[in-house]
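Student: Could we go through this structure together, a bit at a time? I'd like to see how each answer is reached.

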Amino acid sequence: MEQQEFYSGSGPQFGEQTYTEDEKAEIGRLLQTKLNPDEIAYRAGPGSSKLAYLESWRAIELANEIFGFQGWSSTVVNISQDYMDEDRGKVNCGISAVVRVTLKDGAFHEDIGYGTCENAKTKGQALEKAKKEAVSDALKRALRLFGNHLGNSIYDKEHLKNVRNAPPPSAIMPSSAVMPTPSTTPIKPSPQPYAPPQAPSIVQQPQQQQQSATYPQASRAYSAPSSATAGVASFPPAHSAVMPPAAPVSSVPYAPTGQSLAVSTPATLTPQPAAAPYSPAPSGPASFQPLSSGGGGFQY
């Protein structure tokens, strides 16, 4: 089985690393910058006063931005219990702690913090709250020793006065950089002048007149027989009915709702075949011929 190789840490250990000249200049510049108004928190103080302070999470965030995530560390040097009192089932205690903050080049600062808990139900709850409060307070006090931007500018009364009198950020930002607050009120459309409804205009189109089919009468005039066709009545052939072509049906005119519109359609007739000419039987005088010998009678 192949063994995985891990980093042995042969390089400089934490506390023995060095900063470059550019890193030292950048860290010094950031530490000299005072806290911004949005980085300072306030809590109620004696009477109606407000006390400015730096929150624990904000102090850790600023230290990461200035020193880097792997550029600093904190150590609890000492923690001790100052008192523990029990009164009518309630527990009160006080804890003090000393925390040291060390940079990767070995530079460090340490300070003391204090935490209390009153009227806790159990000793465990009292000790937990007081110790956490003491360590957090000691960490912030140790970080402020590095410079203004890690909390030391809070002790500058002139700076706090300027911060409290400073206008909100939106007042000094250009109007183009301020995002508009979305409104929850629906936007009402502007009223339009009232216009009474108008009835739709109906254009009556004249109905297409039905074209009547014209059928020419068949001429059956009698002509007198000539000498060659004596006794034979001759009639000219009957004329076939010629029907004019049907006119195309136009588009159906508009009819309002609820009314029926009659559309006339031209009639279509099928022409009949021409009748055969009439030929009467010949009407000449009968001719008689005598029968051959051997029989009596006549043949015609």
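This is a predicted model: local features need pLDDT of at least 70, side-chain atom pairs count only at pLDDT 80 or more; totals for chains, interfaces and linings use all residues.

Student: Which residue caps the N-terminal end of H4?
Tutor: Look for a side-chain oxygen and the backbone nitrogen of Glu158, which lie 3.2 Å apart. The cut-off is 3.5 Å. The side chain that supplies this oxygen, and so caps the helix, belongs to Asp156.

Student: How do the buried residues of H4 lie, seen down its axis?
Tutor: The buried residues in H4 are His159, Leu160 and Val163. Down the helix axis they fall within an arc of 100°, so they line one face. As background, an α-helix has 3.6 residues a turn, so residues three or four places apart point the same way. The arc you want for H4 is 100°.

Student: In which sense do S1 and S2 pair?
Tutor: S1 covers residues 41-44 and S2 covers residues 50-53. In this pairing, Tyr42 stands opposite Ala52.

Student: What kind of aromatic pair do Phe67 and Phe146 make?
Tutor: Their ring centres are 5.5 Å apart and their planes stand at 65°. Planes over 60 degrees apart count as edge-to-face. Phe67 is in helix H2, while Phe146 is in the loop between H3 and H4, 79 residues apart. Both are buried, and the pair is edge-to-face.

Student: Which ring does the charged end of Arg144 sit over?
Tutor: For Arg, the test asks for CZ within 6 Å of the ring centre. Arg144 has its charged end 4.7 Å from the centre of the ring, and that ring belongs to Tyr155.

Student: Last one: is Gly106 buried, partly exposed or exposed?
Tutor: Gly106 is in the loop between S4 and S5. Its relative accessible area is 31%. Buried means under 20% and exposed means over 50%, so Gly106 is partly exposed.

Terms used. Residues are numbered from 1 along each chain as its sequence is written. Side-chain values use heavy atoms; hydrogens and water are left out. Rings of Phe, Tyr and Trp (its six-membered ring) pair if their centres lie within 6.5 Å; planes under 30 degrees apart count as stacked, over 60 as edge-to-face and the rest as tilted. Helices (H or I, at least four residues) and strands (E, at least two) are DSSP runs, numbered from the N terminus. Buried means under 20% relative accessible area, exposed over 50%, partly exposed in between (1.4 Å probe, protein chains only). A charge sits over a ring if NZ of Lys or CZ of Arg is within 6 Å of the ring centre and within 35 degrees of the ring normal. Two strands pair if DSSP finds at least two bridges between them. The arc is that of the directions from the helix axis to the C-beta atoms. A polar contact is a pair of N or O atoms within 3.5 Å; within protein, one must be able to donate a hydrogen and the other to accept it, and residues adjacent in sequence count only if both atoms are side-chain atoms.
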